[in-house]
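Here is a short briefing to read alongside your structure. Keep the viewer open and follow the points by topic.

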Amino acid sequence: MAGPRITRNPSPYDPLSFHFLRLGQLVSAIIVSSVVAFFVYYLVHEHYKLPWTFIFLLAASLLTVVSLLISSALYFFRTLPPKYNLINNTSISVLWILGLSFLTWNTGWTLGHRCLIVNWKTEAGIMVCRLYKACTAFTVTGLLTTLLCLFLDIKTYRKATQLGKYNQMDVLDHKHPAPIISSPVPQYEHFSNQRADDTGDLGDQKPYRVQESIGVQHFGYSAPTEQTRYDPAHGAF
């Protein structure tokens with residue numbers, strides 16, 4: 001016997017912009033983390049102290065990958081709340097900004113030179129130059145895509161919040177008395193309990209008459225007046 005099917009609410013995000021920006025985040029984070037991990041490996045191997053530049057860049061790139069994995073699981077299997085994604089992208093944006101600031105401050109001179117043997121002397125130096133430029137380029141890309149995702153989160157969160165608001169109806173503010181609904185049962189005139197004689201004469205008593213005709217508003221149909229008038233000759237309506 002199959003278990004109950006788990007349903008999820010539709011995502012408030014625009015699918016095209018959502019996945020495109022997150023793909024840019026993922027590619028940038030993977031490349032930056034790979035380059036920084038390469039430098040960290042050789043620095044640790046040579047017993048050098050890790051600079052803050054690599055610490056911030058490694059933290060920003062790895063946290064971006066982890067955040068994308070968790071948010072993707074929520075997006076496809078549950079519903080990704082814009083508020084949750086907004087908090088994540090805000091934190092990651094701060095790390096990207098710090099990492100890019102330290103990177104441009106410490107290696108800014110590298111960006112203004114071409115990676116030639118004249119400047120770097122060896123093939124290893126040329127490789128390091130190219131890795132620094134690639135790391136800087138994809139750090140900028142990671143920061144821009146994260147900021148755009150943050151803007152998308154703010155826009156989606158505001159839209160979802162506005163859709164959740166509603167105005168109370170005027171009837172709740174100004175209560176009107178409920179209309180009095182008259183009884184559908186027709187009212188009859190008072191008549192004497194005196195029985196008619198054998199000839200059917202009621203004396204001074206007026207014939208028994210319905211006060212109002214039976215109309216559509218009572219029973220859904222109208223009856224002729226002759227059917228609602230008392231006939232003293234036959235003793236029936």
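Cys115 and Cys129 form a disulfide (a pair of cysteine sulfur atoms within 2.5 Å), with their sulfur atoms 1.9 Å apart. A search of the whole structure finds one disulfide. This is a predicted model, in which local features need pLDDT of at least 70 and side-chain atom pairs count only at pLDDT 80 or more, while totals for chains, interfaces and linings use all residues. Residues are numbered from 1 along each chain as its sequence is written, and side-chain values use heavy atoms, leaving out hydrogens and water.

**Disulfide and cysteines**
- The torsion about the S-S bond of Cys115 and Cys129 is about -70°, so this disulfide is left-handed.
- Cys115 lies in the loop between helix H3 (82–111) and helix H4 (117–120), and Cys129 in helix H5 (residues 123–164), so the pair ties together parts 14 residues apart in sequence.
- Both Cys115 and Cys129 are buried, meaning under 20% relative accessible area (1.4 Å probe, protein chains only).
- Cys135 also counts as buried, at 2% relative accessibility, and Cys149 does at 5%.

**Helices**
- The chain has seven helices and zero strands; helices are DSSP runs of H or I with at least four residues, strands are E runs of at least two, and both are numbered from the N terminus.
- Buried residues of H2 include Phe54, Leu57, Ala60, Ser61, Thr64 and Leu68.

**Whole chain**
- Buried residues make up 28% of the 237 residues in the chain.

Methods. Buried means under 20% relative accessible area, exposed over 50%, partly exposed in between (1.4 Å probe, protein chains only).
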